[in-house]
Amino acid sequence: MTERPDSTSLSPDPLTETPEPAAPGLYVHVPFCSRICPYCDFAVTPLGGPGSERLDRYRHALLTELELRAAALGADTVYFGGGTPSLAPAGFFREVALAASERGLASPSPFIFLEANPEDLVHDPELARQWAAEEIWGVSLGVQALDESRLRFLGRAHNASDAAVAVSRLAEAGIPWISVDLIYGTAGQTPESLREELVAMAALPGVNHISAYELSIEPGTPFGRRRARGETLAVRSEDGSALFHAVHETLRESGFAAYEACNFATAPEFRSRHNRKYWSLVEYLGVGPSAHSFAPERGERFWNRRAFEHWEEAILRGEEPTAERETLRPYERALEEVFLRLRTTDGLPLGGFSARYGEAVVRANRRLFGKWRARGLVELRGDEMTGCLRPTREGLAVADALAREMNLDALTADRDAA
Amino acid sequence: MPNTSGPVPIELVRNFCIIAHIDHGKSTLADRLIQRCGGVSDREFRDQLLDSMDLERERGITIKSNSVSLLHETKHGETYQLNLIDTPGHVDFSHEVRRSLMSCEGALLLVDAAQGVEAQTVANHFVAMEYDLEVVPVINKIDLPAADPERVREEIDEELGLDPFEAVLASAKKGEGIEEILDAIVTRIPPPGGDPADPLRALIFDAQYDTFRGVVLLVRVVDGEIRRGDRVRLMRGDTDHVVEEVGLLRLRREPVDVLSAGAVGYAICGIKRIQDIAIGDTVIDTARPAQTSLPGYREPRPVVFSSVYPISTDDYGELENALGKLSLNDPALTYERETSTALGFGFRCGFLGLLHLDVVQERLQREHGLSLLLSAPSVRYRVSTRDGELHEVENPAYYPDPAIIDGTEEPYIRASILIPERSVGPVMELLTERRLATSRMNFLSSRRVEIQAELPLAEVLFDFHDRLKTVTHGYGSYDYELLDYRSTRLVKVDILVNGERVDALSQLVHEEKARPRALGYCERLAEAIPMHNFKIAIQGAIGGKIIARTNIRALRKDVTARCYGGDVTRKRKLLERQKEGKKRMKQVGNVQIPQSAFVAVLKSSPAA
């Protein structure tokens, strides 16, 4: 178990360097929830409870998918996302990780992460200890809010004290990485009330990572339908931006440094070992319904069938359950690299970028980079052609806009021809 | 159905037109007359047949006049030829109205039984008197619940000075009073004069373009005769032609051997382009040339100008074609190439008035499928410079350096405004706001007032009609004529976005109006330009002096939530679409301005 470092020893510099993750990751999608949250548009199906017949079918199909996808991937992280992985029996995670190792997909002892709902830890006081016994490295708790009315609005099954109990059980059990999720920007939320929730969240003993996302209303969800009927569910975008900055300020004051637009850690070693792979374009394989994969050497992204039955059916036929594949053209890949890397404080290393896409692209954007620097959106470490562009907090806040501003015309010829 | 064979003797010909305020039922009456005279079978009949363009039909106004010859058999068994000369119904086309009236001996003056006499009715009546026409008042729409024929009779007496008891009561819609109207045409309007033995003089009062036959001249023969094979000359154009065909304007062209003095008909003379003729010109016989032309020609002078740009730059060629085609049938429309740094290639167009502008814009959009952006309408100013030269400037781009300007003048109009007495206060307030020069009030009846007002044309270009309707609760109407040029204090207002001038938004305005106009533009632009990740200043300026300013705050958040479970594709595709959208925006300095922002700023007329 890793001790949580004393917060006073933390460097407040969000630009603290940590080596980029290099080994691939394995993502496992667990598509079950005991209830469906009204804002959620993940691939999920309701499940009566653990041990049901669907869970067995899922486990069987998942292990078969690992067989079908056997390859020398050697992932050093296995991340169970959902859905609600905490509904699965405690032994499930290590079983899957071991199976993945046997198929070459994971290293012999990978870091195992799982997403969990607080109420599952409350209802089963032994669960956290069982996970610790299974050597689960990290747990990401779907707390989402500490304000009771916001919790009800978000359709969550737990209350604020459940969240505190869940965190303490994880900490007591010795789970090294404890992350809590927060959804902000629900209608009526002010920066002041958000600050209170954040301070309380950051103060939960044992928490060393926080993910804070603005509520986005997706079509096809209950919230999407309510919005279509004219209901106001989220704050206006201007207020959302005030909340974004309130999140960053408050968490920083509470000892959590931003390393990505929505992710904060008390120390560099508590940055999400798995999620960072998405932002730095490291290879990952996703298994389970709807899971996404990225194979950088082939320049390929592919994703699984979304519906549980369709995913299962393909596997039972002995086929990979891939729904679609796309091969990234240089323009697309460069655009991904820009918008993903500019979400992180590690930023965009220009040397590597120009090696991959040509110096002309970097040269074409030198004036633009100068303007970004003048506006305090990025800092440049090193020289104009090979240095690293690191977004400031203001820059992280507008990372999408920066990606849109980048001139990638030198790469669009092949795209237009295609 | 009357006998159509053989020419109708000249004493049985009546040339007349219908003059009316917009929407008082002119086209409906024309339809009824055509139907009653068997000019059209029921199967051919379409409502408001004379208004052939969709646009006219929809708006209920006649833009391009059509004319038709009707045969009417009286109770006494005589067959009259009634030539109905259609007239456009709007102030912008007042000169066309005049030309139509010149071809007639009489006019039906149509008054709505509910609305009563309106400004345009008065104006039309004066013109009819000027040409010595026999005016037959017709009170139309007597079937309406709000109809008040007695009040309208009073107005006809007091405001037009006509005998109210000669007015015919009618409902064109229900076909009531049509017989009485036909009787009045026959008995009260005199037959045309003119001697068929005199040298030929025929007035070209309109023209049509036929894809197969070329230009079709619509003519009123004043003296002499015109027949197939004649060699004729267009006096003003000084061009000679051989007459290929003459005929009557039945619903389809009906060739005849000869058109004699007094006749109204058409002539086809092998002319290919409508630009080669002038409406109002006189046709004479080359063998026996008449010495004097008929009055009637006046150069169509555009008075309202606007720059027209295609929303998609790819449509520039199509816009050029479309303008070419429209101008074939509309010699009053002028256009010349123009370039804007913000909007690309387009045309500076001249129009007879705002309605003309609207009509052209809608035809370009509807008939040619073009999406367009139009700059704020402008009048033509006269600018004298220190070097003693006089410039006519209607385009802000060509406004001379203020340092060398000696003086500027702008066109004034005399507006005739008819309103209920109780609206005098608010209307005077509106006029004062519009830089009223002088006004005179005539109390027409116990309830109604005519205000004769002299004010700048530029002041009625923006929403004047709407405001007048609002402050008079719908009862006010106005008409105007161009008066003269008067000295003015003009400034050129530029709109700057982060210090860069947006040329398409520059305008020439009166000094007093500069600040509110500039602020209006700045505010609308600020609403329409999306936030950037830096602050954007939008300013109105006269030369180097800033007179208005708004800001767009910097975008402080533009980053979406997580990439769900590694689903990068969805997010990337969204960004790709947004990047594409950016490319279609206009770049001014470092600011991306979407087309929609120009549309938002330009299409809503500044109230200032």
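In chain B of this predicted model, four strands make up an open, antiparallel sheet, ordered E18-E19-E17-E20. Strands E18 (334-340) and E20 (372-374) of chain B sit at the edges with a single partner strand each, so one side of each has no neighbour in the sheet. On average, neighbouring strands here are turned by 30 degrees against each other, ignoring direction.

Strand E17 (residues 304-310) of chain B runs antiparallel to E20(B), and 3 bridges join the two. Along that pairing, B:Pro310 is found opposite B:Leu372 of E20(B). There's also a helix to consider: H8 (residues 354-368) of chain B lies across E17, E19 (344-351) and E20 of chain B, and its direction is about 165 degrees to E20(B).

Further along chain B comes a hairpin, built from E21(B) and E22(B) with 4 residues between the strands. In this hairpin B:Gly388 has a positive phi, near 85 degrees. The strands run antiparallel and are joined by 4 bridges, with B:Tyr381 standing opposite B:Val393 of E22(B).

| Strand pair | Bridges | Direction |
|---|---|---|
| E17(B) and E20(B) | 3 bridges | antiparallel |
| E21(B) and E22(B) | 4 bridges | antiparallel |

Now for a single residue. B:Val135 lies in strand E5 (residues 134-140) of chain B. Leaving out residues up to four places away in sequence, B:Val135 touches B:Ala107, B:Leu109, B:His125, B:Ala128 and B:Leu162. As for B:Arg188, 53 residues apart from B:Val135 along the chain, the two C-alpha atoms are separated by 8.7 Å.

Over in chain A, helices H7 (residues 191-202) and H9 (residues 237-253) have axes that come within 9 Å and cross at roughly 35 degrees. The crossing of H7(A) and H9(A) is right-handed. H7(A) brings residues including A:Leu194, A:Leu198 and A:Val199 to this contact, and H9(A) meets them with residues including A:Leu243, A:Ala246 and A:Val247. Sorted by class, the contact of H7(A) with H9(A) has 10 nonpolar, 1 polar and 1 charged residues.

Finally, the two chains meet each other: 23 residues of chain B are in contact with 37 residues of chain A. On the chain B side of that contact, the residues divide into 8 nonpolar, 6 polar and 9 charged.

How values were computed. Residues are numbered from 1 along each chain as its sequence is written. Chains are lettered from A and ligands numbered from 1 in the order in which they are written. This is a predicted model: local features need pLDDT of at least 70, side-chain atom pairs count only at pLDDT 80 or more; totals for chains, interfaces and linings use all residues. Axes are lines fitted to C-alpha atoms, for helices over the stretch in contact, and angles run from 0 to 180 degrees between N-to-C directions. A crossing is left-handed if the near helix is turned anticlockwise from the far one by less than a right angle, and right-handed if clockwise. Two residues are in contact if their C-beta atoms, placed from the backbone, lie within 7 Å. Ala, Val, Leu, Ile, Met, Phe, Trp, Tyr, Cys and Pro count as nonpolar, Asp, Glu, Lys and Arg as charged, and the others, Gly among them, as polar. Two strands pair if DSSP finds at least two bridges between them.
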